[in-house]
Amino acid sequence: MRVLIVKDYDEMSKKAADIVAELVKRKPNCVLGLATGSTPEGLYSELVRRHKEEGLDFSKVITFNLDEYYGLPGTHPQSYRYFMNEKLFNGINIRKENTLVPDGKVPIKDIEKFCKEYEEKIKKAGGIDLQVLGIGGDGHIAFNEPGSSLSSRTRLVALNEQTIKDNSRFFSSVDDVPKYALSMGVGTILEAKELLFLANGEKKAEVVAKAIEGPITSSITASALQLHPKVTVILDEGAAKMLSRVSFYKFAAEAEEKIGMKLF
Ligand code: GLP
């Protein structure tokens, strides 16, 4: 696991954009796995800027989003489809049909089939080359709440109280927050070829330390990232505050610069 600690949110977003842009240039038809939330917003606006000012080309890129609130149509301002259109897709030259987000309005009876097909589409596209991830206050990745199997697949999940409360800041009241979601599983996420995990702010420090340095446990589903061979973690100083191996991470990051090679 590469752990890069940077000064602030801006630097985290730019470093993350460097990794995504490098892939898009090297493999123009790459498959990106995308996340929502306030954490990757800066990454997306930096990608939009690089498209507009530097011509970063997304015309052949395919994207899969991690999750979607169940019950919200893509036209709802709090749906993840809407978020992605607003924050990224409308600002770059990606083909809309190449942007896949789970459909929050799939009828209950078709959910299982829909989830299976979502996974099949990922496979058919050649698998996810790079998956962007944030972390929820309870340690979740995508919407894999504590207790989700570490080999879970795309499915309908119930959201726990803390997540509903955390995400209520985007809704007019906590009662408006959907109680269910469609989410890629931890097992699905671990199949991506490379992971890019981002976190910022002191509020995340404790859960980030548990995820990165604590035991692998379904109680903190982000800890499953320790099982993946190619993870880059980018944290701002706030989110890194409770890590115990900071000097080692800094040493490894300097070593990378010296030898010009990523040390996972
Ligand atoms: C939601 C998403 C997660 C995201 C998390 C953190 O629960 N399903 O993918 O990582 O929010 O959000 P934020 O970045 O706003 O802290």
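Ser223 is buried, with a relative accessible area of 0%; buried means under 20% relative accessible area, with a 1.4 Å probe and protein chains only. Ser223 belongs to the loop between helix H7 (205-213) and strand E10 (231-236). Helices (at least four residues) and strands (at least two) are DSSP runs, numbered from the N terminus. A polar atom of the Ser223 side chain lies 2.7 Å from the backbone oxygen of Ile220.

A word on the model: it is predicted, so local features need pLDDT of at least 70 and side-chain atom pairs count only at pLDDT 80 or more, while totals for chains, interfaces and linings use all residues. Residues are numbered from 1 along each chain as its sequence is written, and side-chain values use heavy atoms, leaving out hydrogens and water.

Now to the ligand. There are 14 residues around the ligand, and Ser38, Thr39, Asp67, Arg169 and Lys204 come nearest; a residue counts as near if one of its heavy atoms lies within 4 Å. By class, this shell has four nonpolar, seven polar and three charged residues, where Asp, Glu, Lys and Arg count as charged and Gly is among the polar ones.

| Protein atom | Ligand atom | Distance |
|---|---|---|
| Ile135, backbone N or O | oxygen | 3.4 Å |
| His140, polar side-chain atom | oxygen | 2.8 Å |
| Ala142, polar backbone atom | nitrogen | 3.1 Å |

Taken alone, the ligand exposes 390 Å², and the protein buries 94% of that; these areas come from the Shrake-Rupley method with a 1.4 Å probe.

Terms used:
A polar contact is a pair of N or O atoms within 3.5 Å; within protein, one must be able to donate a hydrogen and the other to accept it, and residues adjacent in sequence count only if both atoms are side-chain atoms. Buried means under 20% relative accessible area, exposed over 50%, partly exposed in between (1.4 Å probe, protein chains only).
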